Structure formats: structure tokens, C-alpha cells
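Please read the following briefing beside the sequence and the model.

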Amino acid sequence: MPQPQPQPKPKPKPSLLAAQALNGQHAETLELPYADEQEFDEIDVEEQQQLLESGPEARKLSLGHRRKVNLPHLIVINEVSNEPEILSLNSTTSTPTPPPTERDQDREREREREHFVPGLRRNSISLPSGINSLDLEALRLRHQMQAQEALHEESRTESIVDDISASSVGTPTVVTVVPDSVNSHGNDKDDDDDSSDEFGNVKKPVYRDRFRSRRRASIAPLPALRLNSKEMLASDFDTHSVASNQASITSVNSLASLLREKMQAFPQMIRKKKRETKDYKIKIFVIMMFFIIIFLIGYAYIAYHQQLLTRSYFQKIKFNSKDRIFRILSHDDKEVIHGHLGVTLGSDSAPFHCLEENRRSDGSVCIEWNGIARLHMNFEDKNVFRCYTLQWQALTPGLLPTDCYELKRDNGLWFGGGITKGQEWSLSYANFDFMPYASGDNKVHQFGNAVKRYFINSIGVAMQVSERTPLQLGINRTENQFCLRAANDDFTFVNRLTPLPQLDYKICTTEDMRSLHMLMTQQSLWDGLTEQDIGELHSLLEEPVWQMPNQETRDSLNETIICDYSENAIAMGLGHIVINEFWQENIGDFTVDRARFPTLKDTIDVLHRRGFKVVFTIQPFISTDSVNFKDAVARKLLIYERYSERSIPALTRYKSSSSAGVLDITNNASVPWLIEKLQRLKDEYGVKSFYLDLGTGYNLPHYYQCRQPLDNPDMYARMLTTSLESVGLMAVSTASVVPKPPTFLSTPPANGTWEGLRETLAAVLNYGVIGYPFVLPGAIGGDYLLERPLTKMVSFYSLGQPPLPDPELFIRWLQLATFLPAMQFSHLPDEYHSELVTRVAQELKEVRQTVVIALLKKYLSPSMNEGLPLVRPLWMLDPHDPACLIVSDEFSVGEELIVAPILDAGREEREVYLPQGVWKDGIDGSLRKGSRWMHSYRVPKDKIAYFRKMPDNTRF
């Protein structure tokens with residue numbers, strides 16, 4: 001008979017009585033299940049059989065033994081059910097618990113009416129008035145007999161979260177679990193809910209005692225939880241319940257304990273928010289720093305590679321050979337000039353150092369762009385001056401070497417180059433496309449009658465271009481560029497000195513603009529001067545020049561007019577009487593027209609006895625009507641037509657001659673032939689000197705060809721002037737280099753208008769800047785009068801003397817000319833028959849003799865030695881004064897006299913600026929303090945504003 005199988009001992013329900021659990025009753029007999037132990041009826045039948053066979057000894061170790069810690073007990077309390085269930089986390093054995101007796105149940109109900117156990121309090125609540133403990137117990141019993149509503153998932157979750165947040169770390173927690181018997185009284189829809197949780201377990205409805213609020217859950221600590229088959233203690237996730245739990249335990253049924261608990265938790269909430277805000281700011285700061293670091297790294301990368309590409313040449317040159325950015329530094333490493341070299345090269349060509357056969361032995365640096373261009377750079381140290389030479393060589397046809405520099409930098413202005421078409425005071429105010437740099441008529445061409453390849457900037461930079469460079473100059477104010485270009489053409493630079501264009505120039509820097517100007521223009525003008533030359537120079541400074549009045553035809557000039565004019569001129573002083581080209585029958589005769597001047601020799605003798613010096617005007621042009629034209633053609637003394645035999649002369653037009661040839665100055669026989677004729681005039685008529693009327697470079701025949709090629713058309717005037725120094729030249733009309741004293745440079749012919757007055761002052765100042773110290777201004781009142789602008793050069797026309805100018809214009813012109821290096825009259829003051837004009841002329845004559853001439857002679861020697869002009873712009877007095885740079889209608893005589901003329905009609909007041917120092921007013925004798933403007937300064941019609949500088953120790 002088979003032996004009956006032992007029945008498994010029934011496992012207690014998962015509910016415990018609060019009194020038994022908390023008072024320790026039957027603790028030694030209760031079998032405490034583990035928190036991680038599965039329910040007996042949840043495991044498979046085979047596993048149940050194995051557990052029954054193995055007995056209690058085979059049970060696994062508890063969580064406390066496995067972790068080797070003393071863990072608290074988890075006690076589940078059901079205030080309705082009488083069946084306790086105690087889960088032990090530490091014990092490894094279990095003892096059967098007998099069923100509770102009726103006495104035990106009554107005892108338990110008695111405990112429920114009390115405060116559960118000593119040490120465990122109820123929720124701190126305020127009882128309504130009129131309700132005692134017995135009424136409350138009746139309400140509780142009534143509630144236990146009613147079915148409880150299942151909590152929704154949201155309420156359940158919120159309750160759990162609230163319970164967790166209110167528990168303390170490491171403290172056992174009491175939770176309420178409703179027995180299965182209560183579930184049968186729930187709603188049918190809850191029984192039918194077959195939803196499961198995330199682990200696949202069937203959700204069980206949770207019930208809440210209406211007399212148990214969330215506040216009670218915060219009294220007891222949280223238990224150890226099981227999450228994802230792992231045990232977690234309350235201390236692993238609860239970090240905010242200590243203060244709340246302690247406050248709840250220490251306060252007994254009072255509202256103060258609740259408030260104290262909330263107030264203690266409030267700082268933690270604030271600190272948490274502060275930490276969150278701080279973390280948010282830190283994140284933003286880190287992101288910003290990240291982008292800043294990325295930007296700095298990129299910028300440093302670009303700057304580093306630019307620095308690698310930029311090499312330092314001769315210590316003060318910074319040149320990036322790839323982008324061709326050129327910079328020159330001063331002595332204190334401040335950038336003084338910034339330019340872009342080789343603008344026409346393009347950016348796709350890479351440079352390299354020149355081959356050995358292309359290098360020079362003078363220490364220059366050679367850089368070549370393969371097959372395109374070659375650049376040579378050299379350095380010359382002159383103590384406080386530093387000069388750098390740059391030379392571009394084009395290696396491919398069609399390439400025009402071009403370098404551009406900043407037009408305006410640090411308020412600096414470019415000066416030089418002579419006068420331009422717009423009569424701008426500074427090149428920085430001009431704006432024109434590339435034009436050949438050659439002398440011309442500034443009414444038609446871009447540049448005036450005197451040029452010099454010299455440019456200076458007020459910040460201490462000067463530039464000088466070689467005469468062999470086919471220079472084209474361009475100024476673009478829009479792009480702020482001042483550009484130099486080497487380009488040949490069919491007229492100005494038709495004689496190609498090199499197979500391909502070359503741009504050769506020098507840049508010098510120093511701290512003082514005035515010292516730099518002295519360096520660049522320095523040349524001793526004393527060499528070869530005789531006492532007679534010095535005397536002639538003094539006479540031009542002291543005495544006026546008298547230009548004989550003439551009309552458009554040669555018949556308007558004869559001996560009678562010369563004698564009468566000289567008699568009227570004696571009242572204003574002696575001087576040079578200049579007779580225009582009409583002293584000869586045709587231009588180029590070089591003999592006196594005896595039909596009109598039968599006794600010219602006697603007339604000249606009379607003039608000499610009166611104290612006048614007679615000057616004849618000569619030209620290198622020979623009219624086709626002249627008797628000398630045939631002789632010059634036979635001797636091949638004339639410039640011939642290009643692409644033709646040398647026997648065919650090239651013709652041009654000049655003034656009264658509509659067709660004329662030009663002497664070939666490169667022919668060795670031309671100069672002796674001309675000098676012989678001029679010397680005969682001097683010997684026969686007693687002529688003291690000559691006025692050389694060269695016209696301009698554009699007066700040469702368009703297809704000219706000399707025996708020897710000229711660098712440029714201006715070289716012709718330079719060679720002829722040098723060749724005729726021996727016969728004596730009072731002045732020349734065109735120049736590209738400073739003529740030897742006592743030869744003056746004449747300003748362009750001026751129109752007899754207020755505009756002509758302003759152009760005269762601009763020409764004198766600009767020619768002084770480029771190194772011409774001795775300038776002869778045009779006739780007072782103008783050289784001609786035209787109401788409309790010319791379309792061709794003035795030299796193409798034979799223009800007569802203008803009619804008598806307006807008295808106001810004549811007075812203002814006379815006032816200006818009084819302070820210039822020389823004075824030239826055409827109309828005499830007596831022609832006005834005006835007491836005002838005569839009185840003003842006499843007063844100005846006295847001012848010139850007593851004040852101006854003494855200063856001109858004083859500064860004559862510095863001008864001869866240093867190249868400084870006698871009449872200077874204000875910036876030469878104080879180059880560091882910004883106001884002096886922009887003043888264009890004032891000037892100084894030497895360094896001791898400032899003149900502020902009136903240059904507009906109807907004005908009797910103006911703005912006057914005085915540089916530093918103390919100045920004495922020439923009108924009223926008052927003292928004026930410098931470095932300031934005088935606004936609305938009164939200048940009557942018969943006065944001119946001028947100021948003499950007083951000693952430095954003068955008390956103001």
C-alpha cells in the first residue's frame with residue numbers, strides 16, 4: 001500500500017497583524033519569507049516537489065546573510081485582516097505558527113483601539129470639534145464594512161512617489177496591503193482588467209483607507225524594493241527624507257511639526273533649484289567657450305600661416321610673396337605704408353627665389369613668378385632715413401607691372417607730382433585713371449607744365465620713380481589706392497628702353513616729413529655758379545619782370561611800344577623786360593625783324609641806361625616759313641618722322657606758327673648751331689638773357705623720332721635747358737628737373753579770372769613741394785582771357801594780352817604776387833587811373849622791399865643747399881599739425897611770415913589758421929597766439945592778411 005505523500009505546509013498569507021509584528025509576539029515562531037523569495041504557489045510543481053523533499057535545511061541564505069549586513073524587517077500591516085505575514089531578511093529558519101485563538105483576536109482588537117505600539121504615532125491631524133475618540137472608532141468600523149474603491153494608476157503612482165519621497169534612508173517602512181477577501185467586494189470592471197505591468201505580472205488593484213492619508217506614509221521609512229530582479233534599499237534612492245522623517249517623529253500631533261517639516265524641506269528645494277539654474281548657466285558657458293575656442297583656433301591658424309608666408313626683409317620690410325602684400329615699418333615698428341605689389345599678376349601663380357644667374361651682387365633679394373615677372377628689392381640705410389628700392393621686370397608680353405598703395409592712411413596726405421588737371425591741393429583729393437606721367441597743359445592733359453617723379457606723404461614716406469620707367473599714374477579714391485604702373489604707348493613712351501616694361505622706384509621713410517623732403521630733394525645748386533649768376537638771381541628776387549604787352553599778330557609789337565612801356569614801368573621799379581617771340585619775323589629765325597625794329601639796338605641801349613635788362617623769348621621750334629628751316633633740314637638738325645627716312649622732318653604746331661619743325665637736341669650738331677645764333681644776338685643787341693619757351697611734352701610731333709632715343713618727352717626739355725645754360729636763361733616754361741640758378745620755372749599761363757588767381761597760388765605751392773624753389777608766376781591780372789574752356793593746348797594759340805582786369809581782381813592778384821619769389825607785370829597800375837589802385841601798389845611795393853625781399857634773401861641759401869622752396873605750404877612749418885595739412889590757401893615765406901590772401905570776388909573776411917608760436921598781425925600790429933583758427937578775420941579790399949613770427953620769449 002503506497003505510503004501517502006506528505007502534504008505541503010500551508011504558507012501564511014502575505015498579511016500580518018500590526019500588534020503581533022510590532023510587539024514581537026510569535027516572532028520566534030513566525031516563518032519570515034525573504035523579499036527576493038518567490039511565492040510557493042507561483043513556482044512550478046516540480047520546483048515545489050524539490051522544496052518539499054529538500055526540507056527547510058535546503059533553503060537559501062537570506063539577503064542579510066548574503067550581503068553580510070543586518071537588514072531590518074519588512075512588516076506588512078493589514079488593519080482589517082487577522083492573519084499576519086512577516087518577511088524576515090535575516091533569519092534562515094522558520095517555525096510553524098499556530099492559528100490565532102479567539103482570545104488573541106480580542107486582544108488584538110483592543111490594541112487597535114489604542115495607539116498601535118509605543119513609539120509609532122498616527123498621522124498628525126486636527127480633529128473636528130465635537131468628535132471624540134469613540135465617534136472616530138465608530139467611523140472606522142463603519143468604513144471597514146464598506147467596499148473600497150480601487151485606485152487609478154495615476155493615483156497609485158502618485159501615492160508611491162509621495163511615499164518614497166517622504167521616507168528616510170535605511171529605516172523600515174510600514175505599508176498597507178489589502179487582502180484578497182476585500183477584492184471580492186470591488187467593482188466588476190476591476191476584476192476584468194487583465195492589463196499587466198512592464199515585467200509581465202498581472203496588475204492588482206490597490207486600495208487606500210479613507211482614514212489613511214499620504215501624510216501617514218511619510219511617518220515610516222521605505223522598505224527595500226525590488227526592481228528588475230535586483231534588491232534596492234531605501235538608502236540607494238532616497239536622499240530627501242531624513243529631515244522630513246526626523247521632523248515627523250519629533251513632533252507629536254501638532255500643526256507646528258508639519259510646518260517645521262515643510263520649512264526644513266524648503267531650503268533643500270531652493271538649493272535644488274539653484275543647482276539646476278547653476279547647471280543651466282554652466283552649460284551655456286561651456287557651449288560659448290567651445291565656440292570661442294574654435295574661433296580662436298581658426299583665427300590663429302590663418303594668422304600663423306599668414307605669418308609664415310610673410311617674410312621680413314631688411315628688418316623693416318614685411319612682404320607676403322603669395323598675396324604680395326607689402327608693408328614698411330618705422331623705427332618703432334609702426335606700419336607707415338601698406339601696399340599691394342604686382343596687382344596684375346593674378347593670384348594663381350606661386351613665387352620662388354630667382355636662379356643664380358638672375359640674382360644681383362648688390363645684396364638685393366630676388367623673387368620670381370615663373371615666366372611672368374621678377375622682383376628685386378634692396379635696402380639702403382642712411383642713419384635716420386631708410387630707403388628701399390623695388391624693381392619689377394615683366395617676363396611675358398602684355399604684363400604691366402603695377403603697384404598700389406593706400407591713398408589715405410592715418411590722416412596722411414600725398415603731395416607731389418606737380419599740378420593736376422583739377423588743380424587739387426593734394427593728390428589724395430584727385431581721382432583719375434592711369435595716365436602717362438609727362439608734362440602737358442593741365443587744361444587739357446592730366447598734368448601741368450612741370451613734373452618731377454617725386455611723391456611725399458605727410459606721415460613720413462616719400463617715393464621717387466626712375467626716369468627710365470614708362471610711368472603711368474592712377475588715383476582711385478573709391479578704392480583708396482595710389483598706383484604706379486609701367487606701360488609703354490605710342491607717344492609718351494614710344495621709345496621702349498627695355499623689351500618689356502620695368503617699374504623701378506625707391507621708397508624712403510623717416511619720422512619727420514620736412515627732413516624727408518630735404519633728403520629727397522637735396523641737391524647743391526651752388527655748383528658752377530658765378531658771381532654774375534648770383535647777382536642775376538638777386539635781381540629777379542628784388543625787381544619785377546615786365547612782360548611786354550602784345551596782341552595776336554606780330555605787327556602789334558614795335559620799338560615805340562617798348563619805349564613807352566618802359567617809361568611807365570619805372571615808377572614801379574626796374575627789372576627785366578621780356579619781349580615775346582614777335583621780335584623776329586618768324587619763329588626760328590633767331591634774327592631781329594628789321595622791318596619793325598630798325599633801331600632796336602639803340603632802343604635796348606636806352607633801356608639798359610634806365611636800368612632795365614632786356615630778355616628775348618626763344619623756342620626750339622623752327623617755322624616752315626623761316627629761312628633757317630631749309631638749312632636745318634639740309635643739315636638734318638630736325639626731329640624726323642618715325643618709320644621714314646631721316647630726311648623727312650616731323651612737323652608740329654606752336655603758337656603763331658601753324659607748321660614748324662623741332663630741333664633734334666640729340667644731334668650733336670644742333671646745339672652748337674643754336675648757340676652760335678643766340679650768342680650773335682647777345683653780341684649785336686646786348687641781350688642779357690633768354691626766356692626759353694619749350695611748350696610741353698605734347699608739343700613734340702606725335703610721330704617723333706630723334707637720332708638717339710629719349711626716355712620720355714620731358715627728357716627733351718631737360719637736355720635743351722642744360723645745353724643752353726651757357727647763353728643765360730632767365731626762365732623756362734617746362735621742366736622735369738630743377739634748372740640751374742638763376743633760371744626760374746614759369747607757371748602755366750593763367751586766365752585773367754578769379755579762377756586763374758587761385759590756379760597761380762596752387763602752381764607755386766605744388767612746384768615748391770616737388771623741389772622747384774624758384775618759381776616765376778604768371779602776369780598779374782592774367783596772361784590771356786578766355787570765357788570758355790579750351791579744347792586744345794594754350795600753346796597751340798597765339799593769345800594776346802588780356803584786357804584791363806577788374807580793379808578788385810587786379811588788387812587781390814597784386815597782393816598775392818607781392819609775397820611770391822618773383823613778380824611779373826603785364827598791365828601797369830597806372831592804367832587804371834585810380835587813386836585806390838595806385839595807393840595799394842605803392843604800399844605793397846614798400847612791404848616787398850622792407851619785409852619780403854629780406855626774407856627771400858635770408859632763406860635763399862637753405863633753398864640752394866636743401867632744396868626747400870622759398871614759398872612753402874604750412875605743413876612744412878609744422879608737419880605734425882593736422883590743420884596745416886589741409887590749409888591750401890595760406891603759405892609761408894621761409895619760416896617767419898604767413899600770408900592769407902583773398903582769392904574770391906567780393907570777400908573782405910576769411911578764416912585764418914596760425915601754426916604754433918606768437919605772430920604779429922601785419923594789418924593792425926596786434927599779437928596773435930598760434931595753434932588756433934581766427935574766424936571771420938576782417939581783410940579790407942586794400943589790405944592783405946600777413947603775420948610775422950615773433951621770438952619765442954615774446955610775452956603775449
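Is C884 buried or exposed? C884 is buried because its relative accessible area is 0%, where buried means under 20% relative accessible area, exposed means over 50%, and partly exposed lies in between, computed with a 1.4 Å probe on protein chains only. This is a predicted model, in which local features need pLDDT of at least 70 and side-chain atom pairs count only at pLDDT 80 or more, while totals for chains, interfaces and linings use all residues. Residues are numbered from 1 along each chain as its sequence is written, and side-chain values use heavy atoms, with hydrogens and water left out.

**Disulfide pairing**

- The structure holds three disulfides, a disulfide being a pair of cysteine sulfur atoms within 2.5 Å.
- When the bonded cysteines of the chain are numbered in sequence order, they pair as 1-2, 3-6 and 4-5.

**The link of C354 and C366**

- The sulfur atoms of C354 and C366 lie 1.8 Å apart in the model, and the two residues form a disulfide.
- This link of C354 and C366 is left-handed, with -75 degrees about the S-S bond.
- The pair connects distant parts of the chain, with C354 in the loop between β10 (351-353) and β11 (365-369) and C366 in strand β11, twelve residues apart; helices (H or I, at least four residues) and strands (E, at least two) are DSSP runs, numbered from the N terminus.
- Both C354 and C366 are buried.

**The link of C387 and C508**

- C387 and C508 form a disulfide in which the sulfur atoms are 2.1 Å apart.
- The link of C387 and C508 is right-handed, with 110 degrees about the S-S bond.
- Distant parts of the chain are joined here, since C387 belongs to strand β13 (residues 385-394) and C508 to strand β21 (residues 502-509), 121 residues apart.
- C387 counts as buried because its relative accessibility is 2%, and C508 is buried with a relative accessible area of 1%.

**The link of C404 and C483**

- C404 is joined to C483 by a disulfide, with an S to S distance of 2.1 Å.

**Accessibility of C563**

- C563 is partly exposed, because its relative accessible area is 22%.
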